[in-house]
Amino acid sequence: MSTPTPHATAERPHPAAVLRRRRPTALAAAVVALNLIGSGPQDVADAVGGFGETLPLLPLIYLIVHQIGNRRATWPVLGAGLVAVFALPLQDAVAPSTALVALALAVLVRGAVRVRGTPHGRAVFGVQAVGALVFCGLALAGLAVDPDLGRYLVAAGWFCHGVWDFVHLWLDRVVARTFAEWCGVVDVLVAVQLLFLV
């Protein structure tokens, strides 16, 4: 006979059990908190620039994983994307957002002309294509305008992508569920940071 976990009831699980089930949420909150602590106070232009340059990576991950057709590729694709996001600013030839948007367009074209169709079907590919165009468009628009307006466009992109993640989590489609949960929390917290903490 096992001993019940302290402070846990049939209606309310122990906080440690909840945390174990919500590891992606806890990790996302920790990542955003570390970013806030590590970056210190930022002016609006720097925050909009940094988050605007990174925003196109979010739909790009969905596009690439969709084209691969295997959700287990989600976290490695994120890892490769993060390497690109941190490496691209080291060169002065192309802005990171431009490179990411160009890559997203190349993946879109490849998916559109793919002879054998797409792994999840044309309808899902069409939804991913629209999402990529909207999120990349918000990123580029936010970077092109005055930072005071740009913060709202970039924050809208991050927030809406968070909603996008939660819809994919609920539908259990395209990317790994752990990634959808993690990314959704990160995205919403970044949007809050852009609107209220910068």
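I started with the transmembrane annotation: the unreviewed UniProt entry puts "transmembrane region" on residues 47-65, 72-88, 94-113, 125-145, 151-171 and 178-197. I'm working on a predicted model here, so I checked two of those spans against it. Residues 72-88 come out as 82% helix and 0% strand, with 25 Å between the end C-alpha atoms. For residues 125-145 I get 95% helix, 0% strand and 30 Å end to end.

Next, aromatics. I found seven aromatic pairs in the structure. Tyr 62 and Trp 164 are edge-to-face, at 6.2 Å centre to centre with 75° between the planes. Tyr 62 belongs to helix 4 and Trp 164 to helix 8, so this pair ties together parts that are 102 residues apart in sequence. Tyr 62 is buried at 0% relative accessibility, and Trp 164 is buried at 16%.

Trp 75 and Phe 179 are also edge-to-face, at 5.6 Å and 85°. That pair links helix 5 to helix 9 across 104 residues. Phe 179 is buried at 0%, whereas Trp 75 is partly exposed, because its 34% falls between the 20% and 50% cut-offs. I noted that ring pairs join Tyr 62, Trp 75, Phe 135, Trp 164, Phe 179 and Trp 182 into a cluster.

Last, pockets. The largest has a volume of about 680 Å³. Its lining counts 28 residues, with Phe 51, Thr 54, Leu 82, Val 85 and Phe 86 nearest the centre. Which helix gives the most to this lining? I got helix 3, with seven residues. By class, I count 19 nonpolar, six polar and three charged residues in the lining.

Methods
Residues are numbered from 1 along each chain as its sequence is written. This is a predicted model: local features need pLDDT of at least 70, side-chain atom pairs count only at pLDDT 80 or more; totals for chains, interfaces and linings use all residues. Side-chain values use heavy atoms; hydrogens and water are left out. On a 1 Å grid over the protein atoms alone, a cavity is a set of points where a 1.4 Å probe fits but cannot get out, and a pocket is an open set with protein on both sides within 12 Å along at least five of seven lines; lining residues have an atom within 4 Å of a point. Grid points are joined across faces, edges and corners, and a volume is the space filled by probe spheres set on the points. Helices (H or I, at least four residues) and strands (E, at least two) are DSSP runs, numbered from the N terminus. Ala, Val, Leu, Ile, Met, Phe, Trp, Tyr, Cys and Pro count as nonpolar, Asp, Glu, Lys and Arg as charged, and the others, Gly among them, as polar. UniProt positions are given in the numbering used here, feature names are shortened, and annotations may be inferred rather than shown by experiment. Rings of Phe, Tyr and Trp (its six-membered ring) pair if their centres lie within 6.5 Å; planes under 30 degrees apart count as stacked, over 60 as edge-to-face and the rest as tilted. Buried means under 20% relative accessible area, exposed over 50%, partly exposed in between (1.4 Å probe, protein chains only).
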